[in-house]
Amino acid sequence: MLSDENREDRRVRRTKRMLKRAFIDILYEKEYKDISVTDIVERADYNRSTFYFHYKYKEELVEELNESMVNGLIAAFFDDFKKGIENMTPADIVIFEHIYKKKDFFNLWKTSEAIPNIQEMFIDKFSLAFKKELLKMRNLNIDIDMDLYVTYHAQGVLGLILDWIKKDYSHSSTYMSRQLHNLLNINQLKRS
């Protein structure tokens, strides 16, 4: 039997999920700046007081949505790296499968204006996580500036993702994972 607290948490999660889903759906019809709280609650079939119980304003909902989607994306990329970048296989790279499963959201990345700051948030979080992974590697080439290398890869991964999305997923997620694996394993960080 569920406790009242768990039941309430489930209801809160469901309500927030419905509000976010409504917001995403509306983004396909209107520009971000033109979307109002009223638009969101009408689409989600809630009232304004329900919205304001969970969020102070539209931007707070968007911030939470961005945070959860970017964190999911980062986790999809790095969770399987526990054995290290040096030892990963193409099957370990699940970021493209993750994006494809949530393409209703990621299709919005076709235009950088659709959701403010989402790509910058991805770059920042990806760079931080990638740098942590690189620091675990042995035999790092000391001639390569780590910050520049991280920036290079973060921008490159974002570029691959954006290109794949903009081309309507013209390659399979498996193909994209294999290609990213090949690109990451050029071994520029290792000394000969």
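Helices are DSSP runs of H or I with at least four residues, numbered from the N terminus. The exercises below concern a predicted model.

**Exercise 1.** Determine which residue with a positive phi follows α2, and where that residue is found.

*Solution.*
Step 1. Helix α2 covers residues 37–44.
Step 2. After α2 comes Asp-45, with a positive phi near 65 degrees.
Step 3. Asp-45 has this positive phi although it is not a glycine.
Step 4. The residue is found in the loop between α2 and α3 (48–54).

**Exercise 2.** Decide whether Asp-45 is buried or exposed.

*Solution.*
Step 1. A residue counts as exposed when its relative accessible area is over 50%.
Step 2. Asp-45 has a relative accessible area of 69%, and it is therefore exposed.
Step 3. Within helix α2 itself, by contrast, the buried residues are Val-37, Asp-39, Ile-40, Val-41 and Ala-44.

**Exercise 3.** Locate Asp-168 and state its phi.

*Solution.*
Step 1. Asp-168 lies in the loop between α8 (146–166) and α9 (173–184).
Step 2. Its phi is positive, near 55 degrees, and Asp-168 is a residue other than glycine.

**Exercise 4.** Classify the ring pair formed by Phe-23 and Tyr-32.

*Solution.*
Step 1. Rings pair if their centres lie within 6.5 Å, and planes over 60 degrees apart count as edge-to-face.
Step 2. By this rule there are 14 aromatic pairs.
Step 3. The ring centres of Phe-23 and Tyr-32 are 6.1 Å apart and their planes stand at 90 degrees, so this pair is edge-to-face.
Step 4. Phe-23 and Tyr-32 are both buried.

How values were computed:
Residues are numbered from 1 along each chain as its sequence is written. This is a predicted model: local features need pLDDT of at least 70, side-chain atom pairs count only at pLDDT 80 or more; totals for chains, interfaces and linings use all residues. Side-chain values use heavy atoms; hydrogens and water are left out. Buried means under 20% relative accessible area, exposed over 50%, partly exposed in between (1.4 Å probe, protein chains only). Helices (H or I, at least four residues) and strands (E, at least two) are DSSP runs, numbered from the N terminus. Rings of Phe, Tyr and Trp (its six-membered ring) pair if their centres lie within 6.5 Å; planes under 30 degrees apart count as stacked, over 60 as edge-to-face and the rest as tilted.
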